[in-house]
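Keep the viewer open as you read.

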Amino acid sequence: MFTTLGLFAGVACPQGDGCSLLNCLFSHASRLTGARNSSSVTMAVSQPAEAHPRKKLKTSETTNLAVSPSSLPPPQKVPVRASAAIQSSTQKPSRHSTLQKPSPAQRASAPSPHPTAQAPSVKDTDSKLASQPKSSQLPPRKAPKESLNPRMLPKAPASHASRTAILKKLHSVIVSNNEKLFRSKSHPNESLILTPDELITMALDDEESTAKSNPDLYSNVIKLRIVKLSKMSEDDWAKEVMNHLNARYYHVPTSKSPSDQPKTIETGLTVKQEIALVVHMITPLDGLEEHGYVTKAPTHAEIEAAKQGVADSKGWEKCDRCASRFQVFPGRREDGTLTTGGQCVYHPNRPIVPPRKRTDNYTGSSDPYFPCCGESIGASVGCTKAAHHVFKISEPKRLASILQFETTPPQPDKGPLNPVCFDCEMGYTTQGLELIRLTAVSWPEGHELLDVLVRPLGEILDLNSRFSGVFPEHFVTAVPYGTQPVSPAVDGASERKELGQTPMQVVDSPAAARSLLFALLQPETPLIGHAIENDLNVCRIIHPTIIDTVILYPAPRGGLPNRMGLRTLARRYLSRDIQTGGDKGHDSKEDAIATGDLVRRLIGDSWKSHKQFGWRFEGDRLIAPPDKDKYSRSKQGICNIKAGT
């Protein structure tokens, strides 16, 4: 007889205990239970009551059944306390729990086929887990039915045959570690024993993660990963399983390794010294008008022409997401309609062009694809639906026709003001893309100066929550600007606390939010932002002294109009993960702080260049070198310091 391939190992035998085959293709729970509960590897499987007695298994067969993780039956769906069953940190599991590993005799007499029939009681663990919520329970985990076949990716890092061979090796190492943990007598937490389906899922997740994060170095990285897993101790493997289960089934963020911790920015300078140096990072606005930077307010004639154009178009716009033509009705049509065109079907992410590899020929090109769904351009109309089509206005004169631009006013009574980092979030309305949240923090400290919601001028079509992080409940629970936050004793505050939402303050219009920001600025105050022209235009602000990290950290392919995203810059230069909220959207305060820290990073590099040309500090005053030629060269060198080059 040929050995079976195990294709039906997860399917119960139709004959049940009446099956007389020695090596049946299907699953027999009674045989597996007998093998696991046996105290001796040569113990025979109990014979069912039937006309034809069953043969005893050979020693080699019983040995394989006893130790093979593929023979483990699925665990019972018993709720287990999160802190006791699956620890999210790397702390070693406690060995003082009342859940003890049963003896072979106890397991043989137990009615349940799985050793984890009972979970640690609340009474026995409350003394150790006082900081955990008393009602914290884990739902039963259920791995999907998958085969040991690499998952399809838009751009695979290697051939299917190579990925399959590597995946099988990775799976065998994971199975081996799972087997060691199952046979261990010292490890009490048997909920970490994985079922066959969970073992396959873990191997597929690990291989897919490596293929996506390191496509160019896939082969080397995955091989090093296999070697690392093969040398893991029981405790290290338990931590690995904890992180996998938390991320896969319970959506708990895993702990970061020390190398992944955010970098602490040390410039070696005081706050005032950093402020003295940051003036050399100011972005000249001359020639940037073609990239969306507004340097002067549109005239009255231009505004009137823009209004006439809108009236002649009768509200027809082009959708910013699906490029369809539709009509918009500010103030609503007679029947209450805001837009025409029905639902908007679109891709929420822009297409990505995979980087060229050395193996690619020079005439061919990699097909761009949408990271939101993995589909290539042209293969899918869209993967997301919205109730309305939306549009965006970019022309300064048309923006001014809705709300005129204003230049930052001087405030002689306040004197010089420290630099400010700010970030805005926008949502779609019947007036285009409007301001819905404005956040400002101090630089270089990063202290919050202003954080308000903004009621837009038009009717809201889409808050763009996927990116803005602003949801309807934020406006529902918001309090007027200048009032105290709602106390927990007020009705509804407990619900907001459960959702993790602190009531925000709201202003009535973008003009009111702009006035609050003007109170923090002088015309000569450095205003720091990422792609700052978008934030300035949505606020209708003309500020002469700006620092834009898009220009300080130019894109590899020649700078503007190409840009590097803030999330990419923060990860690359600050080792900081931002904008990780997923569908919860971005946090404008987090983005503003990250933008300021990117500038601080360049301050440290610029000071090294300053010192080479004879610059020095006397207290907090920056003293220029006496040689004018050196001064000119050093100033030019400082302005050209970008991205640490």
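Start in the loop between strand 9 (460-462) and helix 13 (465-468), which is where Asn464 sits. This is a predicted model, so treat the angles here as features of that prediction. Asn464 isn't a glycine, yet its phi is positive, about 55°. Most residues other than glycine have a negative phi, and most peptide bonds are trans. Is Asn464 buried or exposed? Its relative accessibility is 18%, and because the cut-off for buried is under 20%, Asn464 counts as buried.

You'll find Ala323 in the loop between strand 1 (316-318) and strand 2 (325-327). With a relative accessibility of 45%, Ala323 counts as partly exposed. Helix 11 itself (residues 300-313) has 14 residues and spans 20 Å from its first C-alpha to its last, close to the 20 Å expected at 1.5 Å a residue.

Now for a peptide bond. The one from Trp443 to Pro444 is cis, with omega near 5°. Look for Pro444 in the loop between strand 7 (432-442) and strand 8 (448-454). Another proline to click on is Pro626, in the loop between strand 16 (621-623) and helix 21 (628-639). Pro626 has a relative accessible area of 83%, so it is exposed. Its C-alpha is 8.3 Å from that of Gly614, 12 residues apart along the chain.

Next, the interior. In soluble globular proteins, nonpolar side chains tend to be buried together. Here the largest nonpolar core has 31 residues, and Ile174, Leu192, Leu229, Trp237 and Leu245 have the most contacts inside it. Helix 6 (160-183), helix 7 (196-213), helix 8 (218-230) and helix 9 (234-250) are the elements that each give two or more residues to this core. Helix 6 supplies the largest share, 8 residues. For a local view, pick Leu229: leaving aside residues up to four places away in sequence, Leu229 touches Leu170, Val173, Ile174, Asn177, Asp206, Trp237 and Glu240. Apart from this core lies another, of 30 residues, which includes Leu552, Ala570, Ile578 and Val599.

Two packed helices are described by the angle between their axes and the distance between the axes. How do helix 7 and helix 9 pack, then? Their angle is about 85° and their axes are 11 Å apart, which means helix 7 is roughly perpendicular to helix 9. From helix 7, Glu198, Thr201, Met202 and Asp205 meet Trp237, Glu240, His244, Arg248 and Tyr249 in helix 9. Sorted by class, that contact has 3 nonpolar, 2 polar and 4 charged residues.

Finish with helix 10 (residues 271-278) and helix 20 (residues 588-612), whose axes lie 10 Å apart at an angle of about 80°. These two helices, helix 10 and helix 20, are therefore roughly perpendicular to each other as well. Glu274, Leu277 and Val278 in helix 10 meet Val599, Arg600, Ile603, Trp607 and His610 in helix 20. In this contact the residues divide into 5 nonpolar, 1 polar and 2 charged.

Conventions:
Residues are numbered from 1 along each chain as its sequence is written. This is a predicted model: local features need pLDDT of at least 70, side-chain atom pairs count only at pLDDT 80 or more; totals for chains, interfaces and linings use all residues. Side-chain values use heavy atoms; hydrogens and water are left out. A nonpolar core is a set of buried Ala, Val, Leu, Ile, Met, Phe, Trp, Tyr and Cys residues joined through side-chain atoms within 4.5 Å. Buried means under 20% relative accessible area, exposed over 50%, partly exposed in between (1.4 Å probe, protein chains only). Helices (H or I, at least four residues) and strands (E, at least two) are DSSP runs, numbered from the N terminus. Contact means heavy atoms within 4.5 Å. Axes are lines fitted to C-alpha atoms, for helices over the stretch in contact, and angles run from 0 to 180 degrees between N-to-C directions. Angles under 35 degrees count as roughly parallel, over 145 as roughly antiparallel, 65 to 115 as roughly perpendicular and the rest as oblique. Ala, Val, Leu, Ile, Met, Phe, Trp, Tyr, Cys and Pro count as nonpolar, Asp, Glu, Lys and Arg as charged, and the others, Gly among them, as polar. The expected span of a helix is 1.5 Å times one less than its number of residues.
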